[in-house]
Amino acid sequence: MLIYLTKRLGLSAAVIGLVVLVLFSLLHLIPGDPATIALGPRATPEAIARYAAKMHLDEPVWMQFLIYVGNALTGDLGVDVFSDRPVTQIINERIGFTLALVCTGMGWAVILGIPLGCLAAVKPNSVLDRVTGVLSVGTIAVPSFLVSIWALLIFAVQLRWLPAIGAGEPGDMHDQALHLILPAFAIGLAWVGYLARMVRASMLEVMGETYIRSARAFGLTPRKVVFGYALRVAILPTITLIGMGFGGLISSTVFAEIIFARPGIGKLIFDAVMARNFPIVQGAVLVATALYIIVVLLSDLLIAWFDPRVRETL
Amino acid sequence: MIPVSAKPSDPETGLPAIDSTGLPDHVSEAEVRESAARERLEKIRMFMTNWQGMGGLVLVLLFFASAIFAPWLAPYDPNALDIPARLSGPTWEHLAGTDQLGRDTFSRILHGGRVALKIAAIGVSVALIVGLVLGMIAGFGPRWLDNFLLLLFDTVRAFPTIVLALATVALTGPSLELVLAIIIITSIPQYARVTRTATLTLRNTDFILAERSLGAGVFRMLWHHVMPNVVGPLLILAAMDVPVVVTVEAGLSFLGLGVLPPTASWGTILNEGYLVIRDAPWMVVAGGIPLILTTLGFTFLGEALRDIFDPRMGKGR
């Protein structure tokens, strides 16, 4: 386990390093003066001079990169072009909204999707199984940003059941929860389908194993066999799927935040792109990507913890 | 019914001799061909009776036809303004209503399909070819190259697609070429990984070993013997990838980061509809339907093809 852990951590660190390199070189690959490109046409000459000094643009490029990495490691991601506030501070204010949305969206999908997959696998070709099959392909095929727009149209504009815009009054838990429902529904819907299908497929495979037959032969109730014995093994590929699919989840979260005007990281990046505020884009993209890499890492470690065979694959 | 062969049995082992075609002597070549043809027919029959696959095929053909023949099918010029009829609901004159400038939404949807088709065709085929080549290099090349390429693939996959697109657009401004580049770069790793795994398996098979010992070059082995074995699953993967590509294009255009406004795209139609969602709700409905039909079509088609031609692939996805 220790060898696997070291190798896996090393791989993640290398990927994060390359991601930083890509984000850093994006600015230098575009022809023109980096400070002018990064700050956009609206920046004042003083701001450009300050940025050039801050980024050490007179140093050689590799030196600039090392300085950038050094700063990023100490939590300094630069300053906002317009307000001069540290990027780290701005991200800190916004990331809570994104994490709440991602967790709620994934949460309801897991709570609904995994039991649905189990029930479908216990009685293959039953009515429930067929309905689940069609529904899951249906939910997977509808792009999540379209789910967001249509949910907004139906529940907020037409029926007026739920608020359409923002994240609710600060401090008012009830209001904030109401604002969370629609975006969480939109980003989680496809995952109900994914999870149900994945759990069903691996569950069907596990249910054919001999130890499940033994458990049945001992007279355990079907519920105990499924949830106590089969699910433990069948859940493993699902954990990988959740880890790998987290990137897609971040993409749909960006859309949901923009469509519902929710002040999270995705909206922050989008607004910064529109205003050509590159330091914020760079910092927020780095944070979002690092988040994804960490989730993939955690899911891989979790699998290796459960299943010793995996440890030998790296 | 087995034709009796005149060939002698092997003098040392007493087993039936194997002739130059490599077939056991009680099987003729014609029989093998006939059996292969029967199997192919059986698979086509299986596909024809699979309602999901046929439904998918119909939707996919509809997508191709409507995009290719859009200029002849569209009742109006997609950019013709008709200000008095702006934001009209669905009527017989404007089947899907009009937008805030009085442009006919149905005509714009048909023309928007052309953008989607262009992006999907170019994006998927380029990504598939590059992924195939890189995957074979990774699987057949030296270990360090394999590790390096894997690290590159992991890095590209570490960026959520939309986030990478946002970061790039921040510097270059929106354009269709950029959307295409982002789509190609982010979809290469999945093709490359599938190819690499298949190549690694093939690398240790007897027929590759035999070829190698006969002195075949690496290029010949890859082109004639590895690629034909890999390309089938890749094509199925490509069918499943089209919905993703079409969605990314529509999503970026929706954000105003893809196709630029006067050009019709499903994403720009949705964006314009989103801005007037309170006054003209049918615009986002009409703009979303072709997107859903296309993704459904390709998903159903890809899954049916996979279930019939490559049942093993269904696992682990």
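Two residues are in contact if their C-beta atoms, placed from the backbone, lie within 7 Å. In this predicted model, residues 24 or more positions apart make up 70% of the chain A contacts that have a separation of 6 or more.

Chain A is built from twelve helices and has zero strands. Its C-alpha atoms occupy a box of roughly 80 × 55 × 35 Å along the principal axes. Of its 314 residues, 41% are buried.

The largest nonpolar core holds 158 residues. A:Ile269, A:Val281, A:Ala284, B:Val163 and B:Leu166 have the most contacts inside it. Helix α8 of chain A, residues 173-207, gives the most to this core, with 17 residues. Both domain 1 (2-73) and domain 2 (92-306) of chain A supply at least three residues each.

B:Val163 illustrates the contacts between the chains. Leaving aside residues up to four places away in sequence, B:Val163 touches A:Ile250, A:Ser251, A:Val254, A:Ile269, A:Val285, A:Ala288 and A:Thr289. One of these, A:Ile269, is itself among the core residues with the most contacts.

A:Ile280 lies in helix α12 of chain A, which spans residues 278-306. A:Ile280 has 25 other C-beta atoms within 10 Å, so it counts as buried; the cut-off is 20 or more. Beyond residues up to four places away in sequence, A:Ile280 touches A:Asp80, A:Val87, A:Ile90, A:Leu268 and A:Ala272. A:Gly105 is 175 residues from A:Ile280 in sequence, and their C-alpha atoms are 26 Å apart in space.

Methods. Residues numbered from 1 in each chain as written. Chains lettered and ligands numbered in written order. Predicted model: local features only at pLDDT ≥ 70, side-chain atom pairs only at ≥ 80, totals over all residues. Core = buried A, V, L, I, M, F, W, Y, C linked by C-beta atoms within 7 Å. Buried ≥ 20, exposed ≤ 12 C-beta atoms within 10 Å, placed from the backbone. Helix = DSSP H or I, 4+ residues; strand = E, 2+ residues; numbered from the N terminus. Domains from an automatic or database assignment.
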